[in-house]
Amino acid sequence: MLPSLLERLRVHAPGIDIQASHVNVESAREQLDEGALHLAVVGSGDHPPRFDVRHLLREPLVCMGAHDHPGLEQPLTLQRFAALDHIVVSPSASHRSLIDQLLASHNLTRRTVLSIPFLTAVPQLVAQARLVCVVPRNLAERLEPYGSFRWLPVPLEGAYFDFFALWHSRETVTASHAWLRSQVLGTAGQG
């Protein structure tokens with residue numbers, strides 16, 4: 001969403017500067033409580049009553065790999081998907097991802113060759129190391145023109161992330177915050 005939000009702000013408010021931070025849900029809540037953060041985009045819609053939340057978007061997950069990856073023939077079956085060598089983007093090695101949970105419901109596991117905490121290295125790794133990575137479809141679509149990548153839908157029902165806008169309820173009546181929310185919601189197609 002960030003590139004689209006920046007384009008929108010250049011048109012509607014060219015003097016506005018955005019500072020983005022990488023936070024987990026708990027840290028986002030703490031920073032919202034302290035006033036250090038004004039709005040968070042998080043993957044959970046369940047929050048204490050002192051927060052307001054609004055669904056932004058549902059992003060399907062796809063399997064991205066090198067354009068010539070031999071395991072990415074169509075259609076991608078569940079068994080072939082599980083058998084591929086995967087990069088897992090996870091905040092910690094002990095975190096069990098949505099994809100792993102969905103595979104477990106089919107009595108399957110995937111081979112995780114590499115676990116990393118953020119997405120920045122993924123394009124180079126999938127292009128050069130014959131690995132695949134499950135990423136949001138929007139990201140795969142944006143990366144496709146910059147490298148020799150291809151992506152296929154993940155063959156699992158429920159393979160998507162829901163994203164939510166989260167803010168402290170004291171900000172709900174603030175005009176400047178209402179404007180900021182409208183820009184973020186508009187970028188996500190919700191306003």
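**Entry 1: Leu-102**

I started with Leu-102 and found its place in helix H4. The model is a predicted one, so I kept that in mind for every entry here. Buried or exposed, I asked of Leu-102? Leu-102 counts as buried, since its relative accessibility of 15% falls under the 20% cut-off.

Next I wanted to know which residues Leu-102 is in contact with once the neighbours within four places in sequence are left aside. I got Leu-156, Glu-157, Gly-158 and Ala-159. I also checked Leu-102 against Leu-152: the two are 50 residues apart in sequence, and their C-alpha atoms are 17 Å apart in space.

**Entry 2: the whole chain**

Then I stepped back to count elements. I found seven helices and seven strands. Reading from the N terminus, I noted the order α-α-β-β-α-β-α-β-α-β-α-β-β-α.

For dimensions, I put the C-alpha atoms in a box along the principal axes, and the box came to roughly 55 × 35 × 25 Å. The protein has 191 residues, and 37% of them count as buried. The accessible surface is about 11,000 Å², with 53% of that belonging to carbon and sulfur atoms.

I looked at how far along the sequence the contacts reach. Taking contacts between residues at least 6 apart in sequence, I saw that 75% join residues at least 24 apart.

Charges came next. I have 16 positive and 18 negative side chains in my notes, and the centres of the two sets lie 3 Å apart.

Which strands does E2 pair with? I went through them one by one.

- I found E2 (residues 51–66) running antiparallel to E7 (residues 160–168), with nine bridges joining the two. In that pairing I saw Val-53 opposite Leu-166 in E7.
- I found E2 paired with E6 (residues 149–153) in the antiparallel sense, over five bridges. The bridge partner of Ala-66 in E6 is Phe-149.
- I found E2 paired with E5 (residues 132–136), again in the antiparallel sense, over four bridges. Met-64 stands opposite Cys-133 in E5.

**Entry 3: strand E3**

I then followed E3 (residues 85–89), which pairs with E4 in the parallel sense over five bridges. Val-88 stands opposite Ser-115 in E4.

E3 also pairs with E5, in the parallel sense and over two bridges. Here I noted Ile-87, whose bridge partner in E5 is Cys-133. That brought me back to Cys-133, which I had already written down opposite Met-64.

**Entry 4: the cysteines**

How many disulfides are there? I counted zero. For a disulfide I would need the sulfur atoms within 2.5 Å.

Cys-63 is buried, with a relative accessible area of 0%, and Cys-133 counts as buried at 1%.

**Entry 5: positive phi in the loops**

Most residues other than glycine have a negative phi, so I went looking for exceptions.

Asn-107 has a positive phi, near 60°. I placed Asn-107 in the loop between helix H4 (98–104) and strand E4 (111–116). With a relative accessible area of 73%, Asn-107 is exposed.

Arg-130 has a positive phi as well, near 55°. I placed Arg-130 in the loop between helix H5 (122–128) and E5. Arg-130 is partly exposed, at a relative accessible area of 40%.

**Entry 6: Asp-46**

Where does Asp-46 lie? I found Asp-46 in the loop between strand E1 (40–42) and E2. Asp-46 counts as exposed, because its relative accessibility of 61% is over the 50% cut-off.

I also took the C-alpha to C-alpha distance from Asp-46 to Pro-60: the two are 14 residues apart in sequence and 20 Å apart in space.

Terms used:
Residues are numbered from 1 along each chain as its sequence is written. This is a predicted model: local features need pLDDT of at least 70, side-chain atom pairs count only at pLDDT 80 or more; totals for chains, interfaces and linings use all residues. Side-chain values use heavy atoms; hydrogens and water are left out. Buried means under 20% relative accessible area, exposed over 50%, partly exposed in between (1.4 Å probe, protein chains only). Contact means heavy atoms within 4.5 Å. Accessible areas come from the Shrake-Rupley method with a 1.4 Å probe; for residues, only the protein chains shown count as cover. Lys and Arg count as positive and Asp and Glu as negative; His and the chain ends are not counted. The place of a charge is taken as NZ of Lys, CZ of Arg, CG of Asp or CD of Glu. Two strands pair if DSSP finds at least two bridges between them.
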